[in-house]
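Please read them with the model open beside you.

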Amino acid sequence: MNKTILLNKRPYGKPTLDDFKTVSEEVPTAKEGEVLLKTVYVSVDPYLRGRMNDAKSYIPPFELNKPIQSGIIAEVVDSNLPDFKKGEFVSGMLEWKEFQTSKGKGLNKVDPTVAKLSSYLGILGMTGLTAYLGLMEIGKPTQGETLVVSGAAGAVGTVVGQIGKLVGCNVVGITGDDEKVALLTSTFGFDHAINYKTTPDLKKAIKEACSEGVDIYFDNVGGEISDAVLANINKFARLPVCGAISLYNETEVPMGPRLQPILLTKSATMRGFIIGDFAEKFPSAIQQLASWLKDGKLQFSETIVEGFDNIPQAFLDLFEGKNKGKMIVKV
Ligand code: NDP
């Protein structure tokens, strides 16, 4: 049988396992003009939370009682399409199903001999692109500047910090766990890392870690952590707003400091982005990331959870910070 995970109900606040439902259906067969795909790796991502709300956004919401979709690496197990051969691997926005058919639209071949298959969901996939393009296009880092990254030990954050170091920045990461603090300053080469959960005065800790002030703030989390960083920005600071995970489960948006006076007096640029905004730059960005990876200039970390049934729990665990680097489920 073919297990499928559906959106059972729309989460209110923090999602729970009850919001998902697993059903079994027949394994489909590939018709003329189709391939049959077997799911190998599933990406779980914080942005999926937004798609679970019945709200207009840059991407349509998931429908109730329909399969959830995310980035998936799958093996072609049967093919009636000339471009795809049995045994090849593809990545695409696919459904949380063990097996599914596709007409090939939106599928990209991935080569397991070039890089680990799972890396096409992380450093050589959406999160790597987000880190590279968000930082370079909006953050515009230059040598000697100070870059602060929140959500620093996650899929996007670990890559942002390392690219900051490659450009010659002083890099400070903010994360919620002492083990992650150690990982950031050892494996990922950050100059300094701060545990936001155990630091009583975050604004002061950032000031101490950034003796020259903050030139670039790559924001993955929003909320109070970002308020503390914003209090330390320099004139002409750039602030790529990549994510706001600390606010995704809020049922009412909490009031924070008014930002206009800070942005005004610091002549700062705060810009939100969705990675698709930079789609035309994906090929060159992937080339750069792959080259740094090959040369050993970029490291990546993955938290791999085993088992199709554990996809919803792995997603929930993102909000508990259980991942180091990219959270992926191996089916
Ligand atoms: P991560 O791998 O960073 O995983 C999420 C991490 O967020 C957790 O490990 C946890 O780390 C941290 N976190 C969870 N809850 C909170 C909280 N309340 N306050 C502060 N930190 C919290 O995810 P990604 O790297 O995939 O994504 C990072 C951000 O970038 C997300 O906000 C995501 O939505 C966004 N994003 C945006 C894209 C775009 O196109 N703009 C594309 C991809 C991602 P810790 O232990 O440190 O708390």
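1. In helix α2, Gly-128, Leu-129, Tyr-132 and Leu-133 meet Phe-282, Ala-285, Ile-286, Gln-288, Leu-289 and Trp-292 of helix α8, where contact means heavy atoms within 4.5 Å. The residues of this contact divide into eight nonpolar, two polar and no charged; here Ala, Val, Leu, Ile, Met, Phe, Trp, Tyr, Cys and Pro count as nonpolar, Asp, Glu, Lys and Arg as charged, and the others, Gly among them, as polar.

2. Please keep in mind that this is a predicted model, in which local features need pLDDT of at least 70 and side-chain atom pairs count only at pLDDT 80 or more, whereas totals for chains, interfaces and linings use all residues. Residues are numbered from 1 along each chain as its sequence is written, and side-chain values use heavy atoms, with hydrogens and water left out.

3. Helices and strands are DSSP runs numbered from the N terminus (helices are H or I with at least four residues, strands are E with at least two). Helix α8 covers residues 282–294, and α2 packs against α8 at an angle of about 100°, with their axes 10 Å apart; the axes are lines fitted to C-alpha atoms, for helices over the stretch in contact, and angles run from 0 to 180 degrees between N-to-C directions. α2 and α8 are therefore roughly perpendicular to each other, given that angles under 35 degrees count as roughly parallel, over 145 as roughly antiparallel, 65 to 115 as roughly perpendicular and the rest as oblique.

4. Helix α2 (residues 126–139) also packs with helix α3 (residues 155–167), their axes coming within 8 Å and crossing at roughly 45°, which makes α2 oblique to α3. The residues of this second contact divide into ten nonpolar, four polar and no charged.

5. Helix α5 (residues 202–209) and helix α6 (residues 223–230) pack at about 45°, with axes 8 Å apart, and are therefore oblique to each other. Leu-202, Lys-203 and Ile-206 of α5 meet Ile-225, Ala-228 and Val-229 of α6, a set that divides into five nonpolar, no polar and one charged.

6. Which residues are the closest to the ligand? Of the 29 residues that surround the ligand, the closest are Thr-175, Lys-180, Tyr-196, Tyr-248 and Asn-323, a residue being near if one of its heavy atoms lies within 4 Å. An N or O atom in the side chain of Tyr-248 is 2.7 Å from an oxygen atom of the ligand, while a backbone N or O atom of Asn-220 lies 2.8 Å from a ligand oxygen atom.

Key:
A polar contact is a pair of N or O atoms within 3.5 Å; within protein, one must be able to donate a hydrogen and the other to accept it, and residues adjacent in sequence count only if both atoms are side-chain atoms.
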